[in-house]
Amino acid sequence: MHQFVYDFQESLDLSSPGILSLFNIASAKRRNLHLGYQVVDKEIVQLDELIKKAVKDCGDSKRIGGDEWLVFTYGEPIHLLEKICLEFADEQEIETGWRCVATKGEIEKQTKESVPATLKRGVRCIYTSLVDKKQLPMIVEEFQNEIWKIPVNCPYLLNSNDIKVEGNDWKAIDEIHEDVYCPICNSLEFEWDEGTDDSSEGSCKQCGAFCIFRFF
Ligand SMILES: [Zn+2]
């Protein structure tokens, strides 16, 4: 458990019971890939401010991870959690695809392929009541195990019976362009050396060109 969770537990004034919730930006990694980390860093600041503003008179919040916040609100103001989700939700049109630089001996060829796509933004929010501060780390652990299964932009009560797998149906992007080909000979077959979320490199099985792909 991260030290920030214990710091939050320590600082929390639990003079009256309330709702503890965990917020997590959906598909943050994918947003990084398409928009770049500078844009996503700004969105993190934006959500941080939204959360602070929403709970400033009725609770407390703390960012406990890169794209994760703990929020406590006195009473049961679920509408506040809904408001944060709705205000952060957004979508935009982008171009997604790949660029490749292929080299074979003296030959170098570059290719780019892309398609228009809609990229959605959202948060997952899971909550439960909190009456005893001692329970906080244990609840946070449960939150972190469950939050991936819930729908996006809709606060969800921890362990509610109607939890579905809807969360897994949500896609940040409606279209991807991953069919790569060799810019020199158009072959689809590669011997891959290495790959990450946003790049792959390897040799074309047909002409032997060395190809470096960057996805965006
Ligand atoms: Zn080739």
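**Legends to the close-up views**

**Helix H3 passes helix H4 in a right-handed crossing.** A crossing is called right-handed if the near helix is turned clockwise from the far one by less than a right angle, and left-handed if anticlockwise. This and every other view is drawn from a predicted model, in which local features need pLDDT of at least 70 and side-chain atom pairs count only at pLDDT 80 or more, whereas totals for chains, interfaces and linings use all residues. Residues are numbered from 1 along each chain as its sequence is written. Helices (H or I, at least four residues) and strands (E, at least two) are DSSP runs, numbered from the N terminus. The axes of H3 and H4 come within 10 Å and cross at roughly 150°, which means that H3 is roughly antiparallel to H4. Axes here are lines fitted to C-alpha atoms, for helices over the stretch in contact, with angles running from 0 to 180 degrees between N-to-C directions; angles under 35 degrees count as roughly parallel, over 145 as roughly antiparallel, 65 to 115 as roughly perpendicular, and the rest as oblique. From H3, the contact is made by Leu47, Leu50, Ile51, Ala54 and Val55, and from H4 by Leu80, Lys83, Ile84, Glu87 and Phe88, where two residues are in contact if their C-beta atoms, placed from the backbone, lie within 7 Å. By class, this contact of H3 with H4 has 8 nonpolar, no polar and 2 charged residues; Ala, Val, Leu, Ile, Met, Phe, Trp, Tyr, Cys and Pro count as nonpolar, Asp, Glu, Lys and Arg as charged, and the others, Gly among them, as polar.

**The crossing of helices H1 and H5 is also shown, and it is right-handed.** The axes of H1 and H5 come within 10 Å and cross at roughly 135°, and the two helices are therefore oblique to each other. Val5, Tyr6 and Gln9 in H1 meet Leu136, Pro137 and Val140 in H5, so that, by class, the contact of H1 with H5 has 5 nonpolar, 1 polar and no charged residues.

**The largest nonpolar core contains 35 residues, of which Phe23, Ile51, Leu70, Val123 and Ile126 touch the most other members.** At least two residues of this core are supplied by each of H1 (3-11), S1 (18-25), H3 (37-55), S3 (68-74), H4 (78-88), S6 (123-130) and H5 (136-146), and the largest share, 5 residues, comes from S1. A nonpolar core is a set of buried Ala, Val, Leu, Ile, Met, Phe, Trp, Tyr and Cys residues joined through C-beta atoms within 7 Å; a residue is buried if 20 or more other C-beta atoms lie within 10 Å of its own, exposed if 12 or fewer, and partly exposed in between, with C-beta atoms placed from the backbone. Leaving aside neighbours within four places in sequence, Ile51 is in contact with Phe23, Ser61, Trp69, Val71 and Ile84.

**Ser200 lies in strand S9 (residues 199-204).** With 20 C-beta neighbours inside 10 Å, Ser200 counts as buried, and, leaving aside its neighbours within four places in sequence, Ser200 is in contact with Trp192, Gly195 and Phe213. Ser200 and Cys100 are 100 residues apart in sequence, yet 9.5 Å apart in space, C-alpha to C-alpha.

**Ile94 has its place in strand S4 (residues 90-104).** Ile94 has 17 C-beta neighbours inside 10 Å and therefore counts as partly exposed. Not counting residues up to four places away in sequence, Ile94 touches His34, Ala117 and Leu119, while Ile94 and Phe216, which are 122 residues apart in sequence, are 9.8 Å apart in space, C-alpha to C-alpha.

Ser27 is found in the loop between S1 and helix H2 (28-35), and with 20 C-beta neighbours inside 10 Å it counts as buried. Asn186 is found in the loop between helix H6 (166-169) and strand S8 (190-195), and with 11 C-beta neighbours inside 10 Å it counts as exposed.

**Lys133 is found in the loop between S6 and H5.** With 15 C-beta neighbours inside 10 Å, Lys133 counts as partly exposed, and it touches Gln9, Leu12 and Leu14, not counting residues up to four places away in sequence. Lys133 and Lys109, though 24 residues apart in sequence, are 61 Å apart in space, C-alpha to C-alpha.
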